[in-house]
Amino acid sequence: MKNKIREKIIASVLLSAFALTNSMTASFAMSDYYGYGNAAPTIRTNDSDTSIPLRSSVTIPNADSVVNLSLRDADITQVLRMFADQAGMNIIFADGVEGSVTMDLVDIPLKEALDLVVKTHKLYYDIKANTLVVSSADSAMNLADRNNNLTIIPVKYVSAVAISSFLNKSIFSPKGKGAVNPGMSKGFIAATNPATNELIVTGTEQDIALVKKIVEQFDKKPEITTFKVNHTTPAEMASSICTSLFPSMTFVKDSDSSGGAAGIPTGFASDDSSDSSADGGGGGGIAVGGGKVACMFGQYQKTEESTGDEETFSLDSIPLLGMSVTYFPTQGTIQIIGGSETQLDMIREYIASNDKKTPQAYLEVQIISLTESGSKTFDNTWQFVSKNFSFNAGGGNGFATDPLRPIFFAGHGFETLDKESYDSTSKTYESSGLFKKYSGSPTLVYAVNYLVENAKGRVLANPRVLLTSGQKSTIDLSADYVKKVTTQYLDNGASTAAQVQKDYEIGDDNGIKVDITPFISPDGYVTLDITPSYKTIARQYTTKSDTGEEEPVVTLLQRRDLNLKGVRIKDGETLVIGGMLQETENKTVKKIPFVGDLPVIGMFFRSTVTSKAKEEMVIMLTPQIVVDTEDAVANDNML
């Protein structure tokens with residue numbers, strides 16, 4: 001008992017000494033004893049940064065008075081009572097405020113000393129009627145008069161839903177017991193009125209003041225910057241900007257849904273207010289004036305930090321759409337919505353360095369197909385007719401008896417019948433002729449046929465095309481043809497006749513086709529990747545269909561193709577590509593056995609056909625680089 005009384009007496013003496021010391025220190029501080037004055041040191045200043053303090057703005061009297069205190073295992077309520085006395089305030093303790101504190105404080109402002117003690121013991125305080133109300137953090141929600149005030153805060157440019165989501169998740173999140181600020185609510189305080197894009201805040205005066213600062217910072221009209229594209233297409237330039245400068249942006253396809261009202265990107269805030277993180281914001285499609293969104297920043301992050309099983313910190317990004325890149329094909333412009341000055345400068349420099357005139361060249365192409373063929377025919381024909389024997393020899397048929405003068409070993413003739421003239425009534429055939437034995441004198445006939453044929457052909461294609469450096473161009477002079485015909489019979493029943501259906505397979509590659517990809521260099525040369533193809537019908541096989549018509553079943557093509565890479569031609573000169581030569585030679589000899597092999601006279605018993613064919617394709621290319629008047633004047637000035 002005596003020990004407890006002794007401890008209380010010692011604590012009372014220490015508290016009295018602490019009060020006297022702090023009162024004297026406070027008077028010195030007011031007279032700038034420590035030499036700081038208005039030039040008190042700050043941790044960091046940066047004019048280019050914007051800082052919004054998230055700490056409570058609750059003020060206490062004599063907040064800048066200095067505290068110098070050294071205690072060991074002191075009752076927390078006694079320490080807080082000393083702070084209240086120094087501030088000239090009353091104090092009330094709620095249930096759950098207990099514990100001891102050990103501290104050594106030197107030259108610490110009263111407000112900071114109070115905050116340090118409260119935070120280290122996970123307490124909460126508020127000021128009501130010059131009274132310091134202290135409670136545990138678990139009771140903070142009950143002590144805050146958050147429901148006594150309902151404030152409507154208008155949002156002009158961004159989505160109120162996005163701001164509300166950020167406030168509830170990151171600033172006033174109920175997660176994290178160590179995130180309590182004096183005089184501020186702990187829990188969701190913001191709702192929205194989508195019809196008027198307004199925030200509805202139910203919180204303390206400290207909550208509303210902080211919300212207004214945040215809205216003032218982020219509710220800003222987005223900057224819209226338009227860049228004109230002169231020499232490249234806006235779509236290509238926009239795609240290049242997204243790929244090269246901002247590869248992390250979300251690329252938008254034409255099929256993607258549009259954001260904002262009526263499918264028009266209004267910008268500037270994500271329509272998705274769900275709690276889950278999104279990989280990219282929606283938006284795109286066709287906008288006003290025929291503009292299309294190429295890419296946009298639509299990502300936001302969620303950061304959570306935990307200590308053991310107790311979550312202590314949670315911070316989500318504001319789900320607002322970032323910079324978007326839109327191009328207008330009909331206007332030749334690229335529009336950037338949002339973005340920082342540095343990003344806009346990057347885009348400006350990129351467009352200036354890449355929006356250059358693409359070199360062009362006028363290319364004259366001559367494709368010549370030369371065909372030359374010839375044949376020589378020497379044909380001998382012998383015919384012998386007598387009463388008992390007749391034959392034909394030569395004429396490409398060898399040695400054969402005459403079908404009109406057959407050999408009669410007996411008799412004088414016979415009658416032939418016509419198989420198509422059968423009469424079912426009389427069951428007879430009509431006569432088609434009478435073969436009789438030759439009754440004249442023996443006759444020997446000789447005929448000779450000597451023929452020389454020569455043919456020449458030329459196919460010329462002379463297309464002219466304007467080429468753009470790096471772009472593939474195609475010259476197509478081909479024609480359609482029937483490759484195959486398939487006939488089918490459709491049986492509709494016994495009462496009607498069957499219908500014939502024919503399916504035609506059409507080919508479209510009969511002719512000349514040239515693919516050209518140029519590179520036009522500044523030194524006056526044109527480098528070409530050229531792929532010429534010349535296809536003609538070599539042979540077509542036909543067969544008789546069930547209707548008796550000849551129909552093609554297989555079509556064979558003759559091809560002459562080239563694939564040339566890196567062919568370099570000087571401006572105005574002509575490159576000739578030849579050597580695609582095809583030559584055929586055929587010789588056919590038909591002769592009468594034995595006598596056709598005799599020297600000298602054997603030539604009269606032989607038939608000889610000799611044919612030759614020669615085909616060649618020649619390609620001539622003549623490029624002429626197109627020089628604009630502006631470029632010509634610039635070159636003269638450089639000289």
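# Close-up views of a predicted model

**View 1. Glutamate 364 and arginine 464 form a salt bridge, with the closest N and O atoms 3.4 Å apart.** The pair links distant parts of the chain, 100 residues apart: glutamate 364 lies in strand S16 (residues 360-385) and arginine 464 in strand S22 (residues 464-468). A salt bridge is a side-chain nitrogen of Lys or Arg within 4 Å of a carboxyl oxygen of Asp or Glu. Helices (H or I, at least four residues) and strands (E, at least two) are DSSP runs, numbered from the N terminus. Glutamate 364 is partly exposed at 23% relative accessibility, and arginine 464 is partly exposed at 48%. Buried means under 20% relative accessible area, exposed over 50%, and partly exposed in between (1.4 Å probe, protein chains only).

The model is predicted: local features need pLDDT of at least 70, side-chain atom pairs count only at pLDDT 80 or more, and totals for chains, interfaces and linings use all residues. Residues are numbered from 1 along each chain as its sequence is written, and side-chain values use heavy atoms, with hydrogens and water left out.

**View 2. Lysine 502 and glutamate 551 meet through their side chains in a salt bridge of 3.3 Å, N to O.** Lysine 502 has a relative accessible area of 27% and is partly exposed. Glutamate 551, at 6% relative accessibility, counts as buried.

View 3. Aspartate 345 is partly exposed at 34% relative accessibility, and arginine 348 is partly exposed with a relative accessible area of 40%. The structure holds 11 salt bridges.

**View 4. The structure holds 4 aromatic pairs, and one of them is phenylalanine 378 with tyrosine 450.** The ring centres of phenylalanine 378 and tyrosine 450 are 5.9 Å apart and the planes are at 70 degrees, so the pair is edge-to-face. This pair links distant parts of the chain, 72 residues apart, with phenylalanine 378 in strand S16 and tyrosine 450 in strand S21 (residues 443-461). Rings of Phe, Tyr and Trp (its six-membered ring) pair if their centres lie within 6.5 Å; planes under 30 degrees apart count as stacked, over 60 as edge-to-face and the rest as tilted. Phenylalanine 378 is partly exposed at 22% relative accessibility, whereas tyrosine 450 is exposed, with a relative accessible area of 52%.

**View 5. Tryptophan 382 and phenylalanine 605 form a stacked aromatic pair, 5.0 Å centre to centre and with 10 degrees between the planes.** Tryptophan 382 is in strand S16, and phenylalanine 605 is in the loop between strand S28 (575-591) and strand S29 (606-626), so placed that the pair links distant parts of the chain, 223 residues apart. Tryptophan 382 is buried, with a relative accessible area of 19%. Trp382, Phe605 and Tyr446 form one aromatic cluster.

**View 6. Arginine 568 places its charged end over the ring of tyrosine 525, 3.8 Å from the ring centre.** A charge sits over a ring if NZ of Lys or CZ of Arg is within 6 Å of the ring centre and within 35 degrees of the ring normal.

**View 7. Helix H2 (residues 76-87) and helix H3 (residues 110-120) cross at roughly 160 degrees, their axes coming within 11 Å.** This angle makes H2 roughly antiparallel to H3. Axes are lines fitted to C-alpha atoms, for helices over the stretch in contact, and angles run from 0 to 180 degrees between N-to-C directions. Angles under 35 degrees count as roughly parallel, over 145 as roughly antiparallel, 65 to 115 as roughly perpendicular and the rest as oblique. H2 and H3 cross in a left-handed way. A crossing is left-handed if the near helix is turned anticlockwise from the far one by less than a right angle, and right-handed if clockwise.

**View 8. Helix H7 (residues 234-244) and H8 cross at roughly 125 degrees, with axes that come within 11 Å.** The angle makes H7 oblique to H8. The crossing of H7 and H8 is right-handed.
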